[in-house]
Structures are given as structure tokens and as C-alpha cells.
Amino acid sequence: MATQSATLDVNGEAREFQGDPRQTLLDFLRLDLKLTGTKKGCDHGQCGACTVIVNGRRINSCLSLAIMHDGDQITTIEGIGTPENLAAIQRAFVSHDGFQCGYCTPGQICSATAMLKELAAGWPSAVTEAVADTPAPSDKELRERMSGNLCRCGAYSNIIAAIREVMQSEKGT
Amino acid sequence: MRPFDYRRVADLQPVDQPGDRLIAGGTNLLDLMKLEVEAPRRLLDISRAGHDRITAHEGGLRIGALVTNADCAADPRIRADYPLLAKAILAGASPQLRNKATTGGNLCQRTRCQYFMATDTRCNKRQPGSGCDALQGVNRNHAILGTSETCIATYPGDMAVALTALDATVEVLGQDGTRLIPVAEFHRLPGDDPARDNVLRDDEVITAVTLPEPAAGRQSYRKIRDRSSYAFALVSVAAVIELREGRIARVALAFGGLAHKPWRDPQTEAILTGRPPSPALFDQAADALLAKAKGRGGNDFKIALARRALAAVLTEATEE
């Protein structure tokens with residue numbers, strides 16, 4: 001099995017992947033690039049802790065091979081904001097206690113960031129009354145749209161409150 | 001995960017060597033490769049091989065095999081004319097998975113039978129001839145219709161259940177050209193060869209799914225599961241029902257979670273067609289649907305659940 005290579009744009013920087021094609025995007029981010037904000041929970045696409053944004057879309061980085069992402073734009077939690085310069089969604093998670101242990105939080109925040117764009121684009125969800133209509137941004141919609149991210153601490157209601165605050169402040173600006 | 005070679009391919013071509021597997025979204029295949037249920041020698045990456053558009057086609061639509069589930073469910077034409085399909089897709093998996101999962105890959109997804117997914121158990125689908133631990137095991141999620149003594153696994157998807165009720169067609173490319181397979185005939189029953197999930201040959205690849213002209217009537221998808229989101233169906237019902245002058249003029253019903261394939265039963269539809277809707281009629285339809293249903297202990301409840309799900313869908317779809 002030959003070593004293979006790809007170039008990925010990770011948080012705006014060109015990064016070389018070189019190695020075993022079995023390596024997932026998640027392991028490449030964490031082990032090779034030391035971007036350990038992205039978390040490995042179940043490693044089977046069931047928990048959402050590994051959620052990153054690829055070309056604007058949220059995906060489970062555990063169920064994707066690094067080699068398949070040549071040329072792709074990857075945004076991880078490190079690309080959303082920094083401790084010195086938090087993004088609005090990160091500030092909202094802090095102010096609403098949107099976490100306890102924090103392990104699922106990077107995935108929650110990456111997921112929520114892309115989710116708000118999906119909602120703004122009018123994508124329906126499983127709880128949208130009539131799928132042809134523009135969905136209303138209700139808590140029910142937000143909960144359904146965040147169902148790919150599990151939180152073992154059960155901070156769900158505060159996560160929804162944090163997302164709602166960001167949604168409302170964006171509407172106001 | 002077993003080692004493999006990787007190559008990106010520019011065109012959607014059938015595989016030409018044993019041990020080759022196509023990969024697009026990879027959400028099911030990579031999961032199974034981690035479990036070593038799947039161990040391809042080479043992965044051919046078709047994720048950038050085009051076929052990712054939805055286009056007008058003979059009064060209906062043609063959905064390219066590499067259209068993601070997310071894009072399909074968000075498409076205004078699908079939402080307006082085939083809401084059943086959008087609803088079924090949105091009832092499945094999570095937004096992250098739907099952003100990767102493709103139309104062709106979704107059709108080919110494998111059962112989530114826990115014995116199939118665990119290599120230290122016996123499974124005729126994973127290892128033909130080894131036996132089936134589900135028959136006497138934990139079989140709460142398993143099939144009640146069309147099973148055999150070698151396999152009681154279910155087809156796990158939602159999208160294909162909707163496509164079956166919508167009379168969609170799978171377009172397949174092989175060495176000898178294109179062939180068209182009705183979605184209802186794409187998946188197969190286990191019989192004595194449960195290793196094969198569907199009728200796709202090893203040297204064929206799905207290129208598209210086509211939808212006929214939109215049908216008149218109401219469309220609905222009801223999915224019953226253990227939690228309200230992000231879980232596989234215990235029972236699901238896809239329905240297209242047209243009422244005319246107080247009678248059911250046309251009905252198409254497909255069921256998920258009950259069998260090794262999306263289940264469609266012509267006799268159940270015949271009982272309903274031409275008759276005014278009533279609870280007694282719905283009961284009669286359920287009798288026909290479930291006449292040969294067989295529980296294996298853990299999944300006995302599905303027989304009653306399917307009956308109630310059918311009644312609920314028919315009641316809702318025939319309300320004035």
C-alpha cells in the first residue's frame with residue numbers, strides 16, 4: 001500500500017496530508033495537525049463530537065478519509081474563534097452554560113454554525129409541517145436540526161438557548 | 001481497518017476487479033470497514049465523478065446517483081412535487097450524514113442488524129453458511145415479512161421506501177450498457193442467499209434514480225422509532241393516496257422496517273382502491289398486509305405496530 005498525499009485548506013492554511021489512506025479526516029486533524037479541538041466520541045458517526053465544516057457543509061470527520069479531501073476547505077473549532085477572540089456562538093455557549101464537561105462542545109458549535117446557514121437557506125427538516133414551505137425558526141426546528149450532536153451531560157436546553165441568542169442577534173444586525 | 005489502495009476516478013464506471021469498491025459519501029462503507037465487516041482491497045473514489053444534479057426527465061425528475069441526501073431533500077422541485085421523498089430523507093440519519101450520503105449509496109446501504117455488524121457472531125449475510133444469531137437472539141429490530149430461516153435482517157433506509165411508493169426507477173450502468181430497474185424490484189428478499197441485498201451485479205453501478213410525473217393526491221411519510229430523531233425505523237409507512245368523490249381512487253403504500261426490502265403489497269392496495277375510507281376498511285387492509293407476518297419474539301410487537309401505523313396514515317390521508 002503506497003503512501004498517498006493530498007493538500008487540504010484547514011482554517012485558511014494549506015496543509016499536506018501524506019500517509020496511509022485509511023486515516024480519517026478526524027485523525028489527520030487531531031494527530032497530524034494537532035488540532036485537538038475536534039473530538040473523537042464514538043468514531044462511528046453516531047455522536048457528532050467530530051463535526052467539522054467542509055466546503056460550507058457540516059460532516060462527521062470520523063466517517064471521511066483525509067485523502068478524499070484534496071483541495072477541500074475545512075473549518076474546525078479552531079477556525080471558528082480563539083480564546084482571545086471568541087465567535088458570537090462561542091460567547092453564547094459560555095453565557096448560557098451550553099455545556100458541562102465540554103467534550104461535545106466543539107462539535108455542537110461547528111454543527112450549529114453550519115445549521116444556521118442551512119436554516120437561512122430555507123432547508124426543511126423532519127419537523128417542518130409542509131416541506132415545500134420556508135421553515136419557521138422554532139425551538140422544535142432547532143432541536144431536530146441539532147439531533148446529530150449528542151450531549152451526555154444533557155445541556156440541550158442551554159445549547160438551544162445559546163443558538164437562539166445568536167440567531168436573534170444576527171437578525172437584529 | 002484492513003489496508004487498501006485508494007484511487008480517485010473521474011467517471012462513474014462499474015468496478016472491473018474483484019475486491020474493488022466504489023466510495024462516495026462513505027458514511028456506511030467506512031463504518032463497516034472500521035468494523036472489518038467490509039474489507040475492500042481497493043477503494044475507487046467516485047465522489048467527484050459528476051452525476052450530482054437533479055434534472056427534468058420525461059415529465060418527472062432524474063436524480064443523479066451522486067446527489068447528496070441533503071441536496072435532494074432541499075430541492076424546491078422535490079419539495080413541491082414529491083414531498084414524500086423529502087420527508088423520508090429528512091426522517092433518516094442526521095444532517096451531518098445527509099450532507100455526505102448520496103442517492104446511489106443510500107440505496108445500497110446495508111442492514112443495521114447488530115449481528116451483521118459484529119464479526120464475533122454468526123451471520124449468513126456477512127459470512128454465508130455460518131448461521132443466524134438473530135433468529136434466537138435480540139431481534140427487536142428485525143423483519144416480520146418475507147424473512148427466511150437464514151436471515152431476518154431489515155433494509156434500514158427511509159429514502160427507498162418513499163421511492164418505492166413513488167414508483168421510481170433505478171438507472172444502472174453495466175458492461176453492456178444501461179438497464180432500468182423499478183425501485184420496488186431493486187432490493188431482494190433474503191431467501192437462501194442473504195449475502196445479496198439487491199439485484200445490482202458486481203460489475204454494475206447506479207447512475208441515477210428517476211421519478212415519474214408527480215402523482216395526484218396526498219403524500220405522507222410516517223416513521224415510528226425509539227426516539228424522536230436520528231434513529232432507524234421500527235416501522236415506517238410511505239403513502240400516496242388520491243381521494244375522489246369520497247372514495248380512494250388510487251393508493252400506493254410502501255413500508256420500512258418490516259422486511260429485507262421496502263415492502264409493497266398489491267393486495268393491500270387493491271382492497272383499499274375504489275372504496276370509501278373507514279376504520280373497518282383499514283383493518284381489512286392491515287389483515288391482508290400482515291396475513292403472513294411472523295414475529296421471532298423480540299419483534300412480535302411490530303405486527304401490531306404496523307397495523308396501527310397503517311390505520312393512522314390512512315386516517316390522516318383520507319380526512320376531509
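User: Is Phe28(A) buried or exposed?

Analyst: Buried means under 20% relative accessible area, exposed over 50%, and partly exposed in between, with a 1.4 Å probe and protein chains only. Phe28(A) comes out at 0% relative accessibility, so it counts as buried. Keep in mind that this is a predicted model, where local features need pLDDT of at least 70, side-chain atom pairs count only at pLDDT 80 or more, and totals for chains, interfaces and linings use all residues. Residues are numbered from 1 along each chain as its sequence is written, chains are lettered from A in the order in which they are written, and side-chain values use heavy atoms, with hydrogens and water left out.

User: How many aromatic pairs turn up over all chains?

Analyst: Rings of Phe, Tyr and Trp (its six-membered ring) pair if their centres lie within 6.5 Å; planes under 30 degrees apart are stacked, over 60 edge-to-face, the rest tilted. Searching the whole structure gives one. Phe17(A) and Phe28(A) make an edge-to-face pair, 5.4 Å centre to centre with 85° between the planes.

User: What does that pair tie together?

Analyst: Helices (H or I, at least four residues) and strands (E, at least two) are DSSP runs, numbered from the N terminus. Phe17(A) sits in strand β2 (residues 13-19) of chain A and Phe28(A) in helix α1 (residues 25-32) of chain A, so the pair links parts eleven residues apart in sequence. Phe17(A) is buried too, at 0% relative accessible area.

User: And chain B: how many helices and strands does it have?

Analyst: Chain B has ten helices and eleven strands, and 58% of its 320 residues count as buried.
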